[in-house]
Amino acid sequence: MLINVLTAFFSFTHLISPWEVILILLVTAYIAYLLTPQTIANNGNAVNIPPDTSIYNYLLSAWLGRLSLIQAFLPFYIILNAVLFYIDYRIANSSYTVASWVTMHIIFAIPVLWWTIAVWRCSNNKATRLWASAARFITITVHYEYLLRFIIRYYYPKIWFNCQQLVIEFGDCF
(Lines give C-alpha, C1' and ligand atoms only; values in the text may rest on other atoms or scores of the structure.)
Protein backbone atom coordinates (compact mmCIF):
# COMPACT_ATOMS: atom_id res chain seq x y z
CA MET A 1 0.00 0.00 0.00
CA LEU A 2 1.04 3.53 -0.77
CA ILE A 3 4.27 2.30 -2.40
CA ASN A 4 3.43 3.08 -6.02
CA VAL A 5 1.30 6.11 -5.23
CA LEU A 6 3.74 7.90 -2.97
CA THR A 7 6.75 7.21 -5.16
CA ALA A 8 4.83 8.65 -8.13
CA PHE A 9 3.89 11.74 -6.14
CA PHE A 10 7.41 12.27 -4.82
CA SER A 11 9.06 11.69 -8.20
CA PHE A 12 6.77 13.54 -10.58
CA THR A 13 4.90 16.19 -8.59
CA HIS A 14 5.48 18.75 -5.89
CA LEU A 15 2.00 18.36 -4.44
CA ILE A 16 3.17 16.86 -1.16
CA SER A 17 6.57 16.31 0.41
CA PRO A 18 7.76 13.22 2.28
CA TRP A 19 7.80 15.15 5.56
CA GLU A 20 4.18 16.17 5.11
CA VAL A 21 3.22 12.56 4.42
CA ILE A 22 5.07 11.39 7.52
CA LEU A 23 3.32 14.04 9.60
CA ILE A 24 -0.12 13.13 8.20
CA LEU A 25 0.47 9.42 8.82
CA LEU A 26 1.74 10.01 12.37
CA VAL A 27 -1.28 12.16 13.22
CA THR A 28 -3.56 9.53 11.70
CA ALA A 29 -1.89 6.76 13.70
CA TYR A 30 -2.22 8.80 16.90
CA ILE A 31 -5.91 9.48 16.25
CA ALA A 32 -6.52 5.78 15.50
CA TYR A 33 -4.78 4.92 18.77
CA LEU A 34 -6.91 7.43 20.68
CA LEU A 35 -10.12 6.06 19.13
CA THR A 36 -9.25 2.52 20.17
CA PRO A 37 -10.69 1.69 23.61
CA GLN A 38 -8.29 1.43 26.56
CA THR A 39 -9.64 -1.86 27.80
CA ILE A 40 -10.99 -4.16 25.20
CA ALA A 41 -13.87 -6.14 26.59
CA ASN A 42 -14.11 -9.76 25.62
CA ASN A 43 -17.86 -10.06 25.46
CA GLY A 44 -17.88 -13.51 23.95
CA ASN A 45 -18.76 -12.33 20.45
CA ALA A 46 -15.54 -13.53 18.87
CA VAL A 47 -15.89 -16.93 17.29
CA ASN A 48 -13.48 -18.94 15.24
CA ILE A 49 -14.99 -19.96 11.94
CA PRO A 50 -14.75 -23.70 11.31
CA PRO A 51 -13.32 -24.60 7.90
CA ASP A 52 -16.60 -26.08 6.62
CA THR A 53 -18.67 -22.88 6.77
CA SER A 54 -19.55 -20.81 3.76
CA ILE A 55 -18.09 -17.52 2.63
CA TYR A 56 -21.42 -15.89 3.41
CA ASN A 57 -21.14 -16.85 7.09
CA TYR A 58 -17.59 -15.52 7.16
CA LEU A 59 -18.64 -12.18 5.63
CA LEU A 60 -21.63 -11.87 7.95
CA SER A 61 -19.59 -12.73 11.05
CA ALA A 62 -16.92 -10.20 10.09
CA TRP A 63 -19.53 -7.52 9.42
CA LEU A 64 -21.18 -8.12 12.79
CA GLY A 65 -17.84 -8.07 14.63
CA ARG A 66 -17.92 -11.70 15.69
CA LEU A 67 -14.52 -12.71 14.34
CA SER A 68 -11.12 -12.21 15.81
CA LEU A 69 -9.21 -9.25 14.46
CA ILE A 70 -6.74 -11.33 12.48
CA GLN A 71 -9.54 -13.29 10.76
CA ALA A 72 -11.26 -10.10 9.67
CA PHE A 73 -8.16 -8.11 8.78
CA LEU A 74 -5.61 -10.36 7.11
CA PRO A 75 -7.46 -12.12 4.23
CA PHE A 76 -8.86 -8.95 2.71
CA TYR A 77 -5.61 -7.05 3.30
CA ILE A 78 -3.72 -9.62 1.24
CA ILE A 79 -6.34 -9.66 -1.52
CA LEU A 80 -6.52 -5.86 -1.66
CA ASN A 81 -2.76 -5.43 -1.97
CA ALA A 82 -2.56 -8.14 -4.62
CA VAL A 83 -5.29 -6.44 -6.66
CA LEU A 84 -3.69 -3.00 -6.35
CA PHE A 85 -0.30 -4.33 -7.42
CA TYR A 86 -1.93 -6.20 -10.32
CA ILE A 87 -3.75 -3.07 -11.47
CA ASP A 88 -0.51 -1.08 -11.32
CA TYR A 89 1.33 -3.84 -13.18
CA ARG A 90 -1.27 -3.78 -15.97
CA ILE A 91 -1.03 0.02 -16.21
CA ALA A 92 2.78 -0.13 -16.34
CA ASN A 93 2.56 -2.56 -19.27
CA SER A 94 -0.06 -0.41 -21.03
CA SER A 95 -2.53 -3.27 -21.11
CA TYR A 96 -5.19 -1.37 -19.14
CA THR A 97 -6.91 1.78 -20.21
CA VAL A 98 -7.74 4.60 -17.87
CA ALA A 99 -11.38 3.52 -17.81
CA SER A 100 -10.40 -0.06 -16.85
CA TRP A 101 -8.18 1.24 -14.07
CA VAL A 102 -10.96 3.42 -12.65
CA THR A 103 -13.48 0.60 -13.00
CA MET A 104 -11.32 -1.76 -10.96
CA HIS A 105 -11.04 0.82 -8.20
CA ILE A 106 -14.78 1.42 -8.18
CA ILE A 107 -15.42 -2.32 -8.04
CA PHE A 108 -13.20 -2.56 -4.95
CA ALA A 109 -14.64 0.54 -3.23
CA ILE A 110 -17.59 -1.25 -1.60
CA PRO A 111 -15.46 -4.16 -0.31
CA VAL A 112 -13.01 -1.62 1.13
CA LEU A 113 -15.86 0.04 3.03
CA TRP A 114 -17.08 -3.37 4.23
CA TRP A 115 -13.55 -4.27 5.33
CA THR A 116 -13.10 -0.99 7.21
CA ILE A 117 -16.30 -1.46 9.18
CA ALA A 118 -15.55 -5.15 9.82
CA VAL A 119 -12.06 -4.40 11.12
CA TRP A 120 -13.31 -1.63 13.38
CA ARG A 121 -16.01 -3.88 14.81
CA CYS A 122 -13.75 -6.92 15.19
CA SER A 123 -10.92 -4.97 16.78
CA ASN A 124 -12.73 -5.19 20.11
CA ASN A 125 -12.43 -8.98 20.21
CA LYS A 126 -9.37 -10.40 21.96
CA ALA A 127 -6.99 -7.83 20.55
CA THR A 128 -4.52 -5.65 22.34
CA ARG A 129 -4.90 -1.92 21.96
CA LEU A 130 -1.71 -1.70 19.91
CA TRP A 131 -2.80 -4.31 17.33
CA ALA A 132 -6.34 -2.99 17.16
CA SER A 133 -5.16 0.56 16.55
CA ALA A 134 -2.61 -0.66 13.98
CA ALA A 135 -5.36 -2.49 12.06
CA ARG A 136 -7.58 0.58 12.22
CA PHE A 137 -4.72 2.78 11.03
CA ILE A 138 -4.07 0.53 8.04
CA THR A 139 -7.72 0.64 7.04
CA ILE A 140 -7.58 4.44 7.13
CA THR A 141 -4.43 4.46 4.98
CA VAL A 142 -6.29 2.44 2.35
CA HIS A 143 -8.73 5.33 2.06
CA TYR A 144 -5.77 7.71 1.73
CA GLU A 145 -4.43 5.52 -1.04
CA TYR A 146 -7.74 5.64 -2.87
CA LEU A 147 -7.77 9.42 -2.56
CA LEU A 148 -4.23 9.72 -3.92
CA ARG A 149 -4.97 7.34 -6.78
CA PHE A 150 -7.94 9.42 -7.89
CA ILE A 151 -5.87 12.60 -7.61
CA ILE A 152 -3.38 10.98 -9.97
CA ARG A 153 -6.22 9.93 -12.29
CA TYR A 154 -7.76 13.38 -12.56
CA TYR A 155 -4.83 15.77 -12.14
CA TYR A 156 -1.68 13.84 -13.11
CA PRO A 157 -2.74 11.11 -15.57
CA LYS A 158 0.50 11.21 -17.56
CA ILE A 159 2.37 9.80 -14.57
CA TRP A 160 0.91 6.31 -14.98
CA PHE A 161 -1.12 6.16 -18.14
CA ASN A 162 0.11 5.84 -21.69
CA CYS A 163 -1.71 8.76 -23.23
CA GLN A 164 -0.61 7.77 -26.75
CA GLN A 165 -2.90 4.74 -26.96
CA LEU A 166 -5.63 4.77 -29.55
CA VAL A 167 -8.19 3.29 -27.17
CA ILE A 168 -7.89 6.17 -24.72
CA GLU A 169 -10.86 8.49 -24.75
CA PHE A 170 -10.15 12.09 -25.70
CA GLY A 171 -10.49 13.59 -22.21
CA ASP A 172 -8.75 10.87 -20.18
CA CYS A 173 -5.29 12.42 -20.24
CA PHE A 174 -6.04 16.13 -20.04
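This is a predicted model: local features need pLDDT of at least 70, side-chain atom pairs count only at pLDDT 80 or more; totals for chains, interfaces and linings use all residues.
**Exercise 1. How many cavities of 30 Å³ or more does the count come to?**

Residues are numbered from 1 along each chain as its sequence is written, and side-chain values use heavy atoms, with hydrogens and water left out.

*Solution.* Begin with the term: on a 1 Å grid over the protein atoms alone, a cavity is a set of points where a 1.4 Å probe fits but cannot get out, whereas a pocket is an open set with protein on both sides within 12 Å along at least five of seven lines. Grid points are joined across faces, edges and corners, and a volume is the space filled by probe spheres set on the points. By this rule there are two cavities of 30 Å³ or more, and the largest cavity has a volume of about 60 Å³.

**Exercise 2. Find which helix gives the most to the lining of the largest cavity.**

*Solution.* First, recall that lining residues have an atom within 4 Å of a point, and that helices (H or I, at least four residues) are DSSP runs numbered from the N terminus. Next, list the lining of the largest cavity, which consists of Met1, Leu2, Ile3, Asn4, Asn81, Leu84, Phe85, Asp88, Glu145 and Arg149.

**Exercise 3. Sort the linings of the largest cavity and the largest pocket by residue class.**

*Solution.* Ala, Val, Leu, Ile, Met, Phe, Trp, Tyr, Cys and Pro count as nonpolar, Asp, Glu, Lys and Arg as charged, and the others, Gly among them, as polar. The lining of the largest cavity then divides into five nonpolar, two polar and three charged residues. In the largest pocket, which holds about 220 Å³ of space, the lining has 11 nonpolar residues, with no polar and no charged ones; among them are Leu2, Leu6, Tyr144 and Ile151.

**Exercise 4. Which elements give two or more residues to the lining of the second largest pocket?**

*Solution.* Start with the lining, made up of Leu69, Ile70, Phe73, Ala127, Trp131, Ala134, Ala135 and Ile138. The elements that give two or more of these residues are helix 4 and helix 7, and the largest share, four residues, comes from helix 7.
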